[in-house]
Amino acid sequence: MDYAATANEAQARIAAAPDLDALEKLRVEFLGKQGSISALLKTLGGLSPEDRQVVGPQIHALREGVTAALSARKDALEQAALSARLAAERIDLTLPAPQAPRGSVHPVSQVLDELAEVFADLGFSVATGPEIEDDWHNFTALNIPESHPARAMHDTFYFPDHDAEGRRMLLRTHTSPVQIRAMLAQGAPIRIIAPGRVYRSDSDATHTPMFHQVEGLVIDKGIHLGHLKWTLETFLKAFFEREDIVLRLRPSYFPFTEPSVEVDVGFALVNGKRALGGSGDAPGHGWMELLGSGMVNRKVIAAGGLDPDEWQGFAFGVGVDRLAMLKYGMDDLRAFFDGDARWLGHYGFSALDVPTLSAGVGVVA
């Protein structure tokens, strides 16, 4: 048998195969179980050892040549098919991209960014501190006496251990300890806000054991209540994006400020929800307590390492979650921490909605 002629004929037929289907039929014809070359390989078993040494290499060379020809032709046909498809198909770049799953920014995170943006424009920096505090920074340095109810076990989460100086450790009940740490570390003058998580033993529709608070502190020379009122008024107008915000300051008591004032804001009911704006004394309006503030107590200034005869200041604090509820219409604080993706999908914000004063700090949820 002329194996070279058989190889040439097979390779010619393979090279002339018009498509992949025809090529597959040739593969089966030559190399399938019943193929012609497979049949030749089976005949080697009936030959003598001498004849097998002569014929075997020729048959194997025939099979390898046909296999290589089939592989080369398959690659050529696939490349030709791809080129034809690329030439025929077009991508419409004007079509919108398919929607991909996107996460949401939690309303608390959004409001924290808005607060930082507003106060940065007023010259404030952001200060942070540990959430596990000692009772000196959390209470004593803030002029909160041992007998104060806030120190009670049913209000504060205490740890069983103490620090190296023997002070009790606890989950901070407010971010006010950051004010002490900032004064000790930076001195005066100082303008900071201290946002973060705080912990109190309380839970209902408007209180949770863990919540978020932002406090502000200004220490400088010649500071008075007029500076406090202007700062709060400017902040609330920028945050709620309304120019008709009206404040009412009422005398109050806080251990760490003297004098102390509660800050009320005028509101009206719109579709069953409170909308801030206007005087609370106007028809159909009312006053709502929003935050606490006052002039920093002399003892607190001294605890911060400063001379109260030289430096004065004011401080204020407000719940971040409360601000989010008022601005964006939530009515149950507990939903903030339930982890319900449906709630977050409704009230959450796009990561691209970065608050700016020029474009407005609030965005549509």
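Guide: Two strands pair if DSSP finds at least two bridges between them. Helices (H or I, at least four residues) and strands (E, at least two) are DSSP runs, numbered from the N terminus. This is a predicted model, in which local features need pLDDT of at least 70, side-chain atom pairs count only at pLDDT 80 or more, and totals for chains, interfaces and linings use all residues. Residues are numbered from 1 along each chain as its sequence is written, and side-chain values use heavy atoms, with hydrogens and water left out.

Visitor: Over how many bridges do β6 and β11 pair?

Guide: β11 spans residues 312–319 and runs antiparallel to β6. Leu217 faces Ala315 of β11. The bridges between β6 and β11 number eight.

Visitor: Which residue in β6 stands opposite Ile193?

Guide: β5 (residues 190–199) pairs with β6 in the antiparallel sense, over 10 bridges. In β6, the residue opposite Ile193 is Gly216.

Visitor: Which backbone nitrogen does the side chain of Gln213 reach?

Guide: Gln213 lies in β6. Gln213 is buried, with a relative accessible area of 10%. Its contacts (heavy atoms within 4.5 Å) include His174, Ala194 and Val318, not counting residues up to four places away in sequence. At 3.0 Å, the side chain of Gln213 reaches the backbone nitrogen of Thr175.

Visitor: What is the order of the open sheet of three strands?

Guide: β2 (132–134) and β3 (158–162) are edge strands with a single partner each, so one side of each has no neighbour in the sheet. β2 pairs with β4 (residues 168–171) over three bridges, in the antiparallel sense. Ile132 sits opposite Leu171 in β4. The order is β2-β4-β3.

Visitor: Where does α4 bend?

Guide: α4 (residues 49–88) has 40 residues and reaches 58 Å from its first C-alpha to its last. A bend is the angle between axes fitted to the seven residues ending at a residue and the seven starting there. In α4 that angle is about 30°, and Pro57 follows within four residues. The bend is at Val55.

Visitor: What covers the buried residues of α4?

Guide: The buried residues of α4 include Val55, Ile59, Leu62 and Leu77. Among the elements covering them are α1 (3–15), α2 (20–31) and α3 (36–43).

Notes:
The expected span of a helix is 1.5 Å times one less than its number of residues. Buried means under 20% relative accessible area, exposed over 50%, partly exposed in between (1.4 Å probe, protein chains only). A polar contact is a pair of N or O atoms within 3.5 Å; within protein, one must be able to donate a hydrogen and the other to accept it, and residues adjacent in sequence count only if both atoms are side-chain atoms.
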